[in-house]
Amino acid sequence: MRKDKRLGLSWAAVVVLLLFSQCGSPSYVPKPKAYNRIDLPVAAYQALASDTLPYQFEYSAYAHIRPDSSHIAEPTWIHIVYPNFQADIQITYKNIAQNPQYLQEYIDDAHKLTSKHQVKAYSIDETIIRTPLGKTAAVYEIEGDVPSQFQFYMTDSTNHFLRGAVYFRTSTKNDSLAPIIEFLKKDVLQLINTVTWR
């Protein structure tokens with residue numbers, strides 16, 4: 001009986017000693033969140049090579065053009081695909097045919113598509129820009145964990161209506177994608193600034 005009590009006491013003493021010995025040593029500190037290193041290329045651009053599309057512009061030399069293959073796609077719709085970033089810029093086009101009603105419908109559709117992100121967006125900022133070639137574009141920057149952070153449309157109000165949206169095909173959070181988002185914004189601005197109609 002005494003032997004059992006001593007054994008019990010000695011285990012208790014060992015536990016107490018271990019607890020006290022840990023008080024002076026540094027405790028575990030979790031590492032801060034880290035993000036993957038993203039090496040971005042130097043921006044370079046090329047002209048859209050197509051004789052059939054009613055628009056022309058410059059796009060990234062690191063991307064390629066793919067026709068839109070969705071069931072609602074029209075022949076003038078394309079994707080500018082960035083395989084290294086799992087991203088693309090979707091380009092849609094409509095002929096206004098000098099009909100003010102069509103123009104208003106297309107502008108309303110562009111606003112609706114942008115406002116769909118309001119559920120997850122922190123903010124949606126709209127900016128009207130004038131390009132060096134004298135064209136006007138409405139640009140939307142969408143903050144938050146949304147699939148499309150940058151959208152735009154431009155029109156000559158009589159014949160042409162062009163809309164674009166940047167989309168990422170990844171579940172990575174947007175704070176991790178921030179450098180790529182900024183890189184693609186510059187590419188979109190280059191596209192907008194070089195648009196010409198055919």
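Glu-141 is partly exposed, at 29% relative accessibility. Partly exposed lies between two cut-offs: buried means under 20% relative accessible area and exposed means over 50%, with a 1.4 Å probe and protein chains only. This is a predicted model, in which local features need pLDDT of at least 70 and side-chain atom pairs count only at pLDDT 80 or more, while totals for chains, interfaces and linings use all residues. Residues are numbered from 1 along each chain as its sequence is written, and side-chain values use heavy atoms, leaving out hydrogens and water.

**Salt bridges**

Glu-141 forms a salt bridge with Lys-185. The term means a side-chain nitrogen of Lys or Arg within 4 Å of a carboxyl oxygen of Asp or Glu. This pair links distant parts of the chain: Glu-141 sits in strand β8 and Lys-185 in helix α3, 44 residues apart. Helices (H or I, at least four residues) and strands (E, at least two) are DSSP runs, numbered from the N terminus. Lys-185 is buried, with a relative accessible area of 10%.

Lys-185 also forms a salt bridge with Glu-182. Both residues lie in helix α3, 3 residues apart, about one turn of the helix. Glu-182 is partly exposed at 42% relative accessibility.

Asp-88 and Arg-169 meet in another salt bridge. Asp-88 is in strand β6, Arg-169 is in the loop between β10 and α3 (174-193), and 81 residues separate them. Asp-88 is buried, with a relative accessible area of 3%. Arg-169 is partly exposed, at 48%.

| Salt bridge | N to O distance |
|---|---|
| Glu-141 and Lys-185 | 2.5 Å |
| Glu-182 and Lys-185 | 3.2 Å |
| Asp-88 and Arg-169 | 3.4 Å |

**The sheet**

An open sheet of 7 strands runs in the order β4-β5-β6-β10-β9-β8-β7, with antiparallel pairing. Strands β4 (64-67) and β7 stand at the edges, each with a single partner strand, so one side of each has no neighbour in the sheet. The twist averages 20° from one strand to the next. Two strands pair if DSSP finds at least two bridges between them.

β7 (residues 121-130) and β8 (residues 136-144) pair over 9 bridges. Ile-128 stands opposite Ala-138 in β8. The two strands form a hairpin with 5 residues between them, and Gly-134 in the turn has a positive phi of about 85°. Next, β8 pairs with β9 (residues 150-155) over 5 bridges. Here Ala-137 has Met-154 as its bridge partner in β9. A hairpin of 5 residues joins β8 to β9.

β6 (residues 87-95) and β10 (residues 160-168) pair over 9 bridges. Asp-88 has Tyr-167 as its bridge partner in β10.

Helix α2 (residues 100-115) lies across β6, β7, β8, β9 and β10, running at about 10° to β10. Axes are lines fitted to C-alpha atoms, for helices over the stretch in contact (heavy atoms within 4.5 Å), and angles run from 0 to 180 degrees between N-to-C directions.

**Positive phi in loops**

Gln-86 has a positive phi near 50°, in a residue other than glycine. Its place is the loop between β5 (78-82) and β6. Gln-86 is partly exposed, at 44% relative accessibility.

Ser-157, also not glycine, has a positive phi near 70°. Ser-157 lies in the loop between β9 and β10. Its relative accessible area is 42%, partly exposed.
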